[in-house]
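Try each task before you read its solution.

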Amino acid sequence: MSEAVSSPPARTRSDFGRSVRRLLREPLGLFGLSLVLLVILGAVFADLLTQWDPTRINPRDRFLGPSAAHLLGTDQLGRDLFSRVLHGGRIALYVALVSTAISLAIGIVLGLIAGYGPRWLDNLMILLFDAMKSFPTVMLALALVTITGPSLTSVILVVILVNVPGYARIVRTQTIAIKSSEFVTAAQSMGASTARILRVHIMPNVIGPLVILASMDIPVVIAIEAGMSFLGLGVRPPTPSWGSILNDGFGQIRETPWIAIAGGLPIIIITLGFTFLGETLRDVFDPRLKGRG
Amino acid sequence: MLNYAVKRLGLSVAIVSLAMFLLFCMIYLVPGDPASVALGPRATEAMKEAMRVRMGLDQPVWVQFWNFFTGAWTGDLGEEVLSGRPVLDVVLEQLPYTLVLIAGGISWSVALGIPLGCWAAINRGSFADRLVGILSVAVIAVPSFVVAIYALLIFAVTLQWLPAIGAGEPGDVGDQLVHLILPSLAVGLGWVGYIARMVRASMLEVLEASHIRTARAFGLPERLITYRYALTIAILPTITLLGIGIGQMLSSAVFAEIVFARPGVGKLVYDAILTRNFPLVTGAVLVTTVIFVLLNLIADLIVGALDPRVRSSF
Amino acid sequence: MSTLSISGLNVHFSTEAGSLHALKDVTFDVPERRIVGIVGESGCGKSTLINAILGLLSDNGEVRSGQILFEGDQDLARLSRGQMQDLRGPRIATVFQDPMGALNPVLSVGRQMINIQYRSPQSRAAKAARAVEMLKLVRIPDAESALGRYPHQFSGGMKQRIAIAMALMMEPALLIADEPTTALDATLEVTTIELLKDLQATIGCSVMFISHHLGVIAELCDDVVVMYAGEVVERGTVRDVFRAPAHPYTRRLLECDPARQSRRTRVLPTIPGEIPDLRQRPRGCVFAPRCLERHAGCDTPQVEHALAGDHRARCNLAPARSPAAVPP
């Protein structure tokens with residue numbers, strides 16, 4: 001990892017263009033990208049792609065199998081599953097974006113404090129991160145939801161608690177590595193303030209690897225949302241979520257398996273898509289992160 | 001070795017203490033009144049007050065924390081709301097089921113992951129290597145509850161090869177094992193991928209090492225070099241990885257227990273939430289956290305025992 | 001008969017940027033019971049040479065032509081994998097440069113020394129006894145208990161001596177020592193060299209000793225082979241080559257050796273320039289771009305000229321400079 005310490009490689013525009021072209025040449029990355037785009041476009045244009053209201057109950061259409069009218073069939077309340085899957089994508093992507101952004105912000109701040117602060121604070125925070133990581137995710141979610149009650153906010157809170165320690169640790173490691181490198185020592189000797197060093201020298205070097213790792217965490221975040229909604233700890237009915245569709249289907253798995261299939265399929269598609277894309281992105285943009293995470 | 005073990009144990013105690021503190025903070029800081037949560041919406045103010053006193057919520061924060069902290073370390077996790085039995089007893093009763101499930105998950109992941117990773121490393125760059133790589137990433141990505149439900153749908157409902165629910169007849173080991181197959185697969189499948197990747201990467205690294213070159217220069221058989229000289233080193237990080245992985249497997253176990261209607265800590269907590277049995281939830285979370293930290297400790301001690309370099313560097 | 005007789009060896013590597021001609025027409029002998037030093041800068045092809053002899057060239061490497069005759073009758077370049085594996089260890093043993101990494105970190109020293117004897121039908125106890133005997137021979141204190149210890153519990157010098165013990169345990173005909181003392185400090189270097197010399201005399205094997213330290217070569221070796229950019233540029237007895245270097249490269253090497261500085265200078269002399277790109281070998285002399293004695297003949301292919309005795313140099317100027325030259 002010695003090269004991770006060396007001076008900041010300023011990524012030029014042509015570098016970026018070359019990386020993007022390389023990404024488009026990788027079949028796996030391209031496949032991942034198209035899966036992700038499929039889900040994003042489906043979520044964005046949900047209202048154009050289907051005329052069914054995802055929350056409207058039609059008692060006469062209960063438990064219909066897949067057909068031309070209902071591509072994925074209907075559920076126990078007669079709601080169109082295709083429409084619910086598309087709208088469920090909105091929830092998943094919303095949670096992914098919001099909670100990742102908040103986790104990143106908190107993780108960067110904590111990591112910089114640990115990396116740039118005094119030694120005792122660093123040790124204490126490392127212990128804190130380890131302790132936070134030592135709760136099994138679902139147990140943490142269950143404990144939290146017992147108090148806050150099931151809601152989208154609870155889901156976001158759980159994601160933040162799960163993600164922050166990891167991000168903070170990475171920021172801390174990078175900060176310590178860069179802090180002791182020559183160009184920062186040089187800046188310090190020339191009288192640059194701590195704030196300036198953080199802004200000019202440390203942040204640009206920390207952000208790159210962090211964003212790549214965060215993008216690789218997106219499938220995990222989506223899985224947490226779906227998992228909590230599956231347990232009835234996430235979004236409240238009748239709001240559609242892939243997890244709650246899966247739960248509806250699970251109760252009826254012997255009689256009407258298509259409901260469970262409809263709930264699981266988008267989760268598989270999006271997690272595979274983001275993972276294939278993230279793996280390729282990491283290899284293309286930042287090979288030194290290979291094998292981490 | 002003893003020195004290393006003591007230091008590592010100290011670290012574990014510190015982490016568990018801090019985790020208890022965090023859990024307490026979470027309970028205390030997050031808005032909501034555990035007493036009214038426990039009693040439900042129809043409770044009267046007098047009932048809530050009585051409940052608060054019973055749960056010790058009327059005392060100052062630091063007293064509450066001290067009681068919680070000392071209680072937790074001495075195994076007193078309070079009483080569960082419905083039957084009044086000690087929480088620890090209830091949790092420990094269910095714990096073996098969960099541990100067996102996780103052991104099953106580990107078995108799957110080790111039995112498939114190590115050979116796959118080793119095979120991919122030896123055939124580096126081949127089609128098989130690429131395939132193992134993509135499959136590993138794929139099984140890591142798909143969440144365990146989706147695996148659980150699809151496995152239930154395919155193998156239990158459609159093909160009817162394996163039973164769908166329960167943990168099997170008590171006393172009938174064969175039946176219990178058959179009931180374990182699908183849930184443990186759901187728990188362990190992702191870890192097959194993690195381990196395959198990890199073993200492949202560290203195997204490639206080790207095979208480049210100069211002591212492997214030395215071993216080859218002494219004409220040792222390639223099998224001996226691969227399995228005794230390289231793989232013994234290459235699986236060391238896997239053990240650490242598994243220690244960390246137990247936490248995720250505990251999470252997956254919750255889903256597996258619910259999907260396959262198996263007894264276990266996960267099912268216990270889930271039911272406790274539905275019945276608002278608050279002390280049971282915190283107690284179970286604490287017990288699983290301790291187990292997680294403990295298993296991490298064991299993993300590190302195993303690595304310490306196998307790798308003479310680790311002991312001396314700590 | 002020579003223990004090892006290499007003639008006209010050419011090794012190529014296929015790389016993404018084309019074929020790399022790593023060893024070109026390498027010819028030299030390692031006579032029985034003699035110590036032959038191989039000297040040259042890093043990148044001169046020493047490692048490729050070792051790997052070619054041991055049959056451990058990486059997958060993209062290939063012996064295109066030439067012979068590596070071992071004990072007169074076996075051509076190492078043509079042997080099967082299995083036959084080659086049977087020679088490595090019992091007949092040809094190797095000590096590598098890096099003593100820290102040469103031993104397996106998770107197996108005890110005894111275990112590794114017993115594993116090496118896997119072909120022997122002897123009992124485990126006999127193998128262990130043999131290991132103890134060897135450890136005593138290389139002066140490892142408390143040899144019995146050393147068997148149960150792990151490599152990290154020994155110092156660098158001790159590890160290198162253990163590696164030597166392992167290499168000589170099977171009494172090989174040829175010992176290849178790849179810069180075995182480079183990573184050690186000066187005092188350890190001297191004792192290790194003396195030990196190696198003693199053991200060689202006891203066991204009676206031939207040694208191929210690779211080093212870039214001319215002082216060590218002069219002290220230890222009988223013959224010397226000077227390599228540059230994958231070619232043998234000069235070879236002969238240590239006496240001949242060091243007294244009357246015939247190739248300009250050898251002369252520059254000797255000038256750069258700090259031990260041979262006649263005048264005190266502030267800067268250590270080094271040879272300016274770099275080893276050429278081996279994907280496009282020049283038609284003429286490979287050393288010409290860095291040579292101080294360039295002349296028109298450098299652009300034509302160089303032949304190896306025989307000088308006095310077994311002294312040979314691959315420079316067209318060599319015969320003219322050496323009075324005792326024999327025409328090729």
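Strands are DSSP runs of E with at least two residues, helices are runs of H or I with at least four, and both are numbered from the N terminus. Two strands pair if DSSP finds at least two bridges between them.

This is a predicted model, so to speak with its own ground rules: local features need pLDDT of at least 70, side-chain atom pairs count only at pLDDT 80 or more, and totals for chains, interfaces and linings use all residues. Residues are numbered from 1 along each chain as its sequence is written, and chains are lettered from A, with ligands numbered from 1, in the order in which they are written.

**Exercise 1.** Work out how E9(C) and E10(C) run and what joins them.

Solution. Start with the direction: strand E10 (residues 231-237) of chain C runs antiparallel to E9(C), and 6 bridges join the two. Next, pick a pair: C:Val225 has C:Arg235 as its bridge partner in E10(C). Last, look at the turn: 2 residues lie between the strands of this hairpin, and C:Ala229 takes a positive phi near 50 degrees.

**Exercise 2.** Find the strand that pairs with E9(C) in the parallel sense.

Solution. Go to strand E3 (residues 35-39) of chain C, which pairs with E9(C) over 4 bridges. There, C:Val36 has C:Asp223 as its bridge partner.

**Exercise 3.** Decide why E9(C) counts as largely enclosed.

Solution. In strand E9 (residues 223-228) of chain C, 6 of the 6 residues are buried, so the rest of the structure largely encloses it.

How values were computed: A residue is buried if 20 or more other C-beta atoms lie within 10 Å of its own, exposed if 12 or fewer, and partly exposed in between; C-beta atoms are placed from the backbone.
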